[in-house]
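Here is my notebook from a browse through this structure.

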Amino acid sequence: MPSRCLWIAMLLKVAPPDKTLKRKRQSQSSSTMLLHQQKDSQWEEIGSNCESTPQKRKLRSNSTSLQSAPICTPKQQKSPRSCFDSGPSTPSKGKNGDSDESLESRCQLPVMKLSGDFTIKPHWQPNDVEHLGAVKAALHLSTAPSTVLCREDEQKKVFDFCKNCIEQGKAGSLYLCGLPGTGKSLSMEKVKQHLLNWSKESGCLPPDIVALNCTSLTKTSEIFSKIIGKIEPRNSINRSISHLQHLQNLYSQELQSSRLKMMVIIADELDYLITKDRALLHDLFMLTTLPFSRCILIGIANAIDLADRFLPKLQSLNCSPIVITFMAYSADQILTILQERLMGLSYTVFQPQALELCARRVAAASGDMRKALCVCRSAIEILEGERRGSITSRNSASMIEGSPKKRTTPAFESHEEQENILVRIDHMAAALSKAYRTPIVNTIQSLPQHQQMILCSAVKTFRRGKKYSTLGELNKHYVDICKSTMIPPVGILEFTSMCGVLNDQGLLKLGQSRDERSKRLALKVDEADVTFALQGVRLFRNCLQ
């Protein structure tokens, strides 16, 4: 009995009665009917909102009310080609589908107009006297640019210092130092203009400006007469005392100094005022330390440590001048300045690679901007001579043939002929070798390798402004270079004999001493000559950086 009951129960679970099947089918049919009714209601709502096309079929429910109501058909998507043709500005097509414009005219893109900054300049004509004169004038040292590029920070420091001194009515001193050709004098010319413009705009009393080059003075003491002549007329000057004492009396009394305007003294090439006792340079800077002084002294020279070496008393009085250093121009800065000078011309003169070569070589040698301008002018002269020689050779050839060739106009010249009128890399390389190649450079390049390494170590020894060194210190730098280049150094005796050879050739100067390592040593050639002579060798290029 119990087994029969279990068997019956299992049959009931597996095969449900017919009533359960009927219920499931009824529920499925009712759900499908609900879905059809929802779709019909959606079509009814769409048809009530659309009036574009008439009804094409009757709906099952509410057919009488929808007979007159239109239904909306979904909008057909156009192909990309038809979308390209259609637009708000395209003309309407006729029955045959012909358009007023052709396919080519509709496919044309709008032409972009470039601004004037990106227009390609025409090439210059070296035979034209006006072109040649304009280019040489743009690259001449006497042509002052409208703006001094790459020296904005230094100019701002000087201008802010002078502006604060004028506003507060107090004295002060500056010292501008840097290598030759780094824009010191040119920057001061711009600072003078900015000071005068600022005083006019702000309503302040403009200062008296005394700008002089110390090399033009017949006597070093003449600088004080230049200063006193700006303050007072010559008739009122007391001739019983010196000009220096007269200035000291003016700036020591409050009543006399209060009626004076502020004065800016710009002394270029200040190292020409250095005397044996250094008294004149000291007295000049001491004018700014007087109790009622109203002068601002700005000295300009190349030596970095001039104030430390020649004005030690000012350091003890805690009134040494503020030092502003003008660093040597880099290759990018030289290239920027050259491009700015040539920007005013309406034609192209140099190939870009030629200007880049000039900037890199000058920056590696000295960073002197004046040297870069001279090299560019020399390259133009080399091109001018080359063109002149080619013209004479053509004329002589045509005379021999008997039928002179017609001269082609610039519009019909070939591409090679148009490129030949530009200053190329070979012209610039010839100008650079002409500017830097001296007998000293030839001598350095012909030396043996170890003697060149000694000169390279001497440049590193005297790079920090030293005047003298010892043979032992030079040997130390020489050994360091040998270790960095994996070259075995020579012994101290052979090293001393090689230094004696360099002394005989005038490249080094050796002193006398019992101890070989204690001998005084000095570099007799310019550092730029050594750098230019050895910069082509990869071994020394890394050592000289």
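Which residue in S8 is the bridge partner of Leu 510? I looked it up and found Leu 521. A reminder to myself before going on: this is a predicted model.

**Entry 1**

S7 and strand S8 (residues 520-523) run antiparallel and are joined by three bridges. They belong to an open sheet of three strands in the order S6-S8-S7, and the pairing is antiparallel. Strand S6 (469-470) and strand S7 (508-510) are the edges, each with a single partner strand, so one side of each has no neighbour in the sheet.

**Entry 2: Ser 469**

Next I picked a residue in S6, namely Ser 469. Is Ser 469 buried or exposed? I read 6% relative accessibility; buried means under 20%, so Ser 469 counts as buried. Its side chain makes a polar contact of 2.8 Å with the side chain of Glu 473. I then set aside the neighbours within four places in sequence and listed what else Ser 469 is in contact with: Thr 461, Phe 462, Lys 519, Arg 520 and Leu 521. I was pleased to meet Leu 521 again, the bridge partner of Leu 510.

**Entry 3: a helix pair**

I turned to helix H21 (residues 471-484) and helix H22 (residues 492-504), whose axes come within 11 Å and cross at roughly 110°. Angles of 65 to 115 degrees count as roughly perpendicular, and H21 and H22 are therefore roughly perpendicular to each other. Which residues meet there? From H21 I noted Leu 471, Leu 474, Asn 475 and Tyr 478, and from H22 Ile 492, Phe 495, Thr 496 and Cys 499. I sorted the residues of this contact by type and got six nonpolar, two polar and no charged.

**Entry 4: the five-stranded sheet**

I then moved to another sheet, an open one of five strands with the order S2-S3-S4-S1-S5 and parallel pairing. Strand S2 (208-213) and S5 are at its edges with a single partner strand each, so one side of each is left without a neighbour in the sheet. From one strand to the next, the twist averages 15°.

Six bridges join S1 to S4, and the two run parallel; Gly 172 stands opposite Ile 296 in S4. Strand S5 (residues 322-326) also runs parallel to S1, with five bridges between them. On that side I noted two pairs: Leu 174 has Ile 322 as its bridge partner in S5, and Cys 177 stands opposite Thr 325 in S5.

How many of the residues of S1 are buried? I counted seven of seven. Gly 172, Leu 174, Leu 176 and Gly 178 point one way, while Ser 173, Tyr 175 and Cys 177 point the other way.

**Entry 5: around S1**

Past S1, I checked Thr 182, which is in the loop between S1 and helix H7 (184-202). Thr 182 has a relative accessible area of 0% and is buried. Not counting residues up to four places away in sequence, Thr 182 touches Arg 151, Phe 326, Met 327, Ala 328, Tyr 329 and Gly 367.

Last, I looked at helix H11 (residues 279-286), where Leu 280, Leu 281, His 282, Leu 284 and Phe 285 are buried. What do the buried residues of H11 pack against? I found strand S1 (172-178) and strand S4 (295-301), along with helices H8 (222-231), H12 (306-310) and H13 (312-316).

Methods:
Residues are numbered from 1 along each chain as its sequence is written. This is a predicted model: local features need pLDDT of at least 70, side-chain atom pairs count only at pLDDT 80 or more; totals for chains, interfaces and linings use all residues. Side-chain values use heavy atoms; hydrogens and water are left out. Two strands pair if DSSP finds at least two bridges between them. Helices (H or I, at least four residues) and strands (E, at least two) are DSSP runs, numbered from the N terminus. Axes are lines fitted to C-alpha atoms, for helices over the stretch in contact, and angles run from 0 to 180 degrees between N-to-C directions. Angles under 35 degrees count as roughly parallel, over 145 as roughly antiparallel, 65 to 115 as roughly perpendicular and the rest as oblique. Contact means heavy atoms within 4.5 Å. Ala, Val, Leu, Ile, Met, Phe, Trp, Tyr, Cys and Pro count as nonpolar, Asp, Glu, Lys and Arg as charged, and the others, Gly among them, as polar. Buried means under 20% relative accessible area, exposed over 50%, partly exposed in between (1.4 Å probe, protein chains only). A polar contact is a pair of N or O atoms within 3.5 Å; within protein, one must be able to donate a hydrogen and the other to accept it, and residues adjacent in sequence count only if both atoms are side-chain atoms.
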